[in-house]
Amino acid sequence: MAAAVKVSSVFRKSLFKGKVAIVTGGGTGIGKAITQELLHLGCKVMIASRNIERIQKAAEEMRSTVVPNKPTNLAHMQCNIRKEDNVKDLISSTLKQFGKIDYVVNNGGGQFPSPASNISVKGWNAVIDTNLTGTFIVCREVYNQWMEQNGGVIVNIIADMWKGFPTMSHTGAARAGVDNLTKTLAIEWAPDGVRVNSVAPGSFIYSETAAANYGDSKIFHHMLDVVPVKRLGTPEEVSSCVCYLLSPAASLISGETVKVDGAASLHNTKYEIRVSK
């Protein structure tokens, strides 16, 4: 058996005992940190990803290291959030296995760096469909299948795109859309006891998985000169904010986006403006 992973939290360990959550993209980076903290706090979690090998490996690891005494508290399944049938199956399978859904964390997403002028329609659509449309489908389905009648909490993970997002125009547009979607759903679904919020991690939250995806182990370090706190952030610092928004302590907070960015969104951008021709 693998050595136990030490998971810490500022919240009491039984905070989410008896609760059930879905975390998309829950096997790597920020999603994995969220999953581990939820499990640590007593929650039962379904994690989902388009990559079945990756999500299965992550689930097996966390069952043996985070919840070795309660491995059934964690389930996993393949799900491409861009496909309605996949998402419908994710929600219904979670209900079948755990009996309810209290929380959804829409963490699944993806993008690639490129000047806007070089992005093909296919590449643009892939990012929009995953980060915006996929988030919408998950929200809609969990509401229709469960939360309309039973209430719940949704947290959407977006990004620091408040001053534009040079070289990431596709995901900037998508995440801005999710920010507005969050506000809209918070109003529409409030009478049904559903809270919807977003968390916007800074661009300097370091994880090995994210660095590997971008093919540059130092990609986050390039941001340090424009980050007021002068250090990299961790996935666990994002996770604690997500858990707060899911918790009863945030019972009157809905339609908000919390920035976890060390004031970086208030400071300068790293993007260099070229001299006009």
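Predicted model: local features only at pLDDT ≥ 70, side-chain atom pairs only at ≥ 80, totals over all residues.
Student: Where does Asn 51 lie, and why is Asn 51 called partly exposed?

Tutor: Asn 51 lies in the loop between β2 (44-49) and α2 (52-65). Its relative accessibility is 31%; buried means under 20% and exposed over 50%, so Asn 51 falls in between and counts as partly exposed.

Student: Why is Thr 94 called buried?

Tutor: Thr 94, in helix α3 (residues 84-98), has a relative accessible area of 0%. The limit is under 20%, so Thr 94 is buried. Leaving aside neighbours within four places in sequence, Thr 94 is in contact with Val 20, Ile 22, Met 46, Gly 99, Lys 100 and Ile 101.

Student: Why is α1 called oblique to α7?

Tutor: The axes of α1 (residues 29-40) and α7 (residues 235-246) come within 8 Å and cross at roughly 55 degrees. Roughly parallel needs an angle under 35 degrees and roughly perpendicular 65 to 115, so α1 is oblique to α7. The crossing is right-handed.

Student: Which classes of residue make the contact of α1 with α7?

Tutor: The contact has nine nonpolar, three polar and two charged residues. Among them are Ile 30, Ala 33 and Glu 37 of α1, and Val 238, Ser 239 and Leu 246 of α7.

Methods:
Residues numbered from 1 in each chain as written. Heavy atoms only, no water. Axes fitted to C-alpha atoms, helices over the stretch in contact; angles between N-to-C directions. Helix = DSSP H or I, 4+ residues; strand = E, 2+ residues; numbered from the N terminus. Parallel < 35°, antiparallel > 145°, perpendicular 65-115°, else oblique. Left-handed = near helix turned anticlockwise from the far one by under 90°. Contact = heavy atoms within 4.5 Å. Nonpolar A, V, L, I, M, F, W, Y, C, P; charged D, E, K, R; others polar. Buried < 20%, exposed > 50% of the residue type's maximum accessible area, 1.4 Å probe, protein only.
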